[in-house]
Amino acid sequence: MAQLWGGRFTKETDQLVYDFNASISFDKRLYRQDIKGSIVHVKMLTKVGILTADEGAKIVKGLEGIWADIESGKLKITHEYEDIHSFVEAKLIAEIGDVGKKLHTGRSRNDQVALDMKLYIREEIQTLDGLLQALLQVLLDLMKVHTTSYMPGFTHLQKAQPTTLAHHLGAYFEMFKRDRSRLSDTYKRMDTNPLGSGAFAGTTYPLDRAYTTELLEFSSVTYNSMDGVSDRDYLIELLSNLSIVMMHLSRFSEEIIIWNSNEYQFVEIDDEFSTGSSIMPQKKNPDIAELVRGKTGRVYGSLMALLTTMKGLPLAYNKDMQEDKEPVFDALDNVKLCLHLFTGMVATIKFRQDKMEASAKNGFTNATDAADYLVNRGVPFRDAHGIIGRLVLYCIEQGKSIDDLTLAEFQEISPVFAEDIYQAVCLETCVNMRNTLGAPGQVSMKKVIERYEEELK
């Protein structure tokens, strides 16, 4: 058992206790951040005169060698060490001798792990931002193509009014755009340097926290050392953001699953993103969309796990906080994978414009426009609403759509109807008359697409 403490103890830790306490099985992924933070710490100790220039240079060279050996595979991170911090320090001492024991001067594992996680999360947020940007670009490319691809819009999963595929996809563009904004906000709030907080009460050594903040490219230092080592708000905020990302992916997945069904046939998912059945040879299943939908609950679980862990903790650091890493790592891994696969699926999906348009025509989605037609001819809206209700009932009884009725049938319901009713209720008119900003009309969509293009630049 390799650990950084023990002088006060007279017995070896029980192996089961040691294994229960250890975190190297999961925090080993922080080796780059841990070594980077240590290198900066050593440069600062050298700058303020706690280490000599020779000592500082020797320790930095040793740390860089460990980093290179891990990257090349020459050095394996093994589990006889308690955590990544003890692994790196033990290997450093073995490599350069007793001078390596000076690495930890003025530092605690409490501020060390806080630093490692912040450095790691900063990188992960940048990765997530890139994945979201890639998804937004795919959505925008599809929007440009489908400004005249008519489809039914839904409320309560019932056909409501006609819209376009571009307009529908634009709703998801807005969602994922907000996700990027939330992640950016989280990045700004967490961009503070905890190094120098010590165990929780700072240190008597003359550390230059401004210098480490500059080298690590943080916006500022943390201004309370107790909070510096015990703050996990940014991880909870990150998990909240990731849960919302997954909620958006899950909503979109649900629609793709519905649209892919035989009853809708709005889309055909590419073979690369589908699977078959072991018994039913005709099946082509939307498994990627279903797994994204399923993994959403897993990410929610990570958020609830960390919220529950933190809810009763007194200041400052408590070992409970070690439970932050596994749910955060798991959520990040799953969200990144889901974003990557989902983007590929949407980019290769085939949208059946003929099926979408036929569905819009056969679902009375133009009923509101028929009512507006009457209003524009002097009929009070409430009366027009009732007239069109009777018209729809007649269509259902006759097995017809509104577009299929003869003028005589229209006028049986209301004499106000004239020949121009057909132009008023055609899908193109229904959509393109709606040009308030944010609506599906082509004039409005052109402005929105131009704005989205500018934003993605």
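**Figure 1. Helices H10 and H12 pack against each other in this predicted model.** The axes of helix H10 (residues 233-259) and helix H12 (residues 325-348) come within 10 Å and cross at roughly 30 degrees. Axes are lines fitted to C-alpha atoms, for helices over the stretch in contact, with angles from 0 to 180 degrees between N-to-C directions. Helices (H or I, at least four residues) and strands (E, at least two) are DSSP runs numbered from the N terminus. H10 is thus roughly parallel to H12, where angles under 35 degrees count as roughly parallel and over 145 as roughly antiparallel. The crossing of H10 past H12 is left-handed, a term used if the near helix is turned anticlockwise from the far one by less than a right angle. Ala, Val, Leu, Ile, Met, Phe, Trp, Tyr, Cys and Pro count as nonpolar, Asp, Glu, Lys and Arg as charged, and the others, Gly among them, as polar.

**Figure 2. Helix H6 meets helix H19.** The axes of H6 (residues 109-145) and H19 (residues 442-456) come within 11 Å, crossing at roughly 155 degrees. The two helices are therefore roughly antiparallel to each other, and H6 passes H19 in a left-handed crossing. Gln133, Leu136, Gln137, Leu140, Met143 and Lys144 of H6 meet Met445, Ile449, Tyr452, Glu453 and Leu456 of H19. By class, 7 are nonpolar, 2 polar and 2 charged.

**Figure 3. Threonine 222 lies in a loop between strand S4 and helix H9.** The loop joins S4 (220-221) and H9 (225-230). Threonine 222 is buried, with a relative accessible area of 9%; buried means under 20%, exposed over 50% and partly exposed in between (1.4 Å probe, protein chains only). A polar contact of 2.9 Å joins the side chains of threonine 222 and arginine 209. Such a contact is a pair of N or O atoms within 3.5 Å; within protein, one must be able to donate a hydrogen and the other to accept it, and residues adjacent in sequence count only if both atoms are side-chain atoms.

**Figure 4. Serine 230 lies in helix H9.** Serine 230 is buried, at 8% relative accessible area. A polar atom of the serine 230 side chain lies 2.7 Å from the backbone oxygen of methionine 226.

**Notes.** Residues are numbered from 1 along each chain as its sequence is written, and side-chain values use heavy atoms, leaving out hydrogens and water. In this predicted model, local features need pLDDT of at least 70 and side-chain atom pairs count only at pLDDT 80 or more, whereas totals for chains, interfaces and linings use all residues.

Definitions and conventions
Parallel < 35°, antiparallel > 145°, perpendicular 65-115°, else oblique. Contact = heavy atoms within 4.5 Å.
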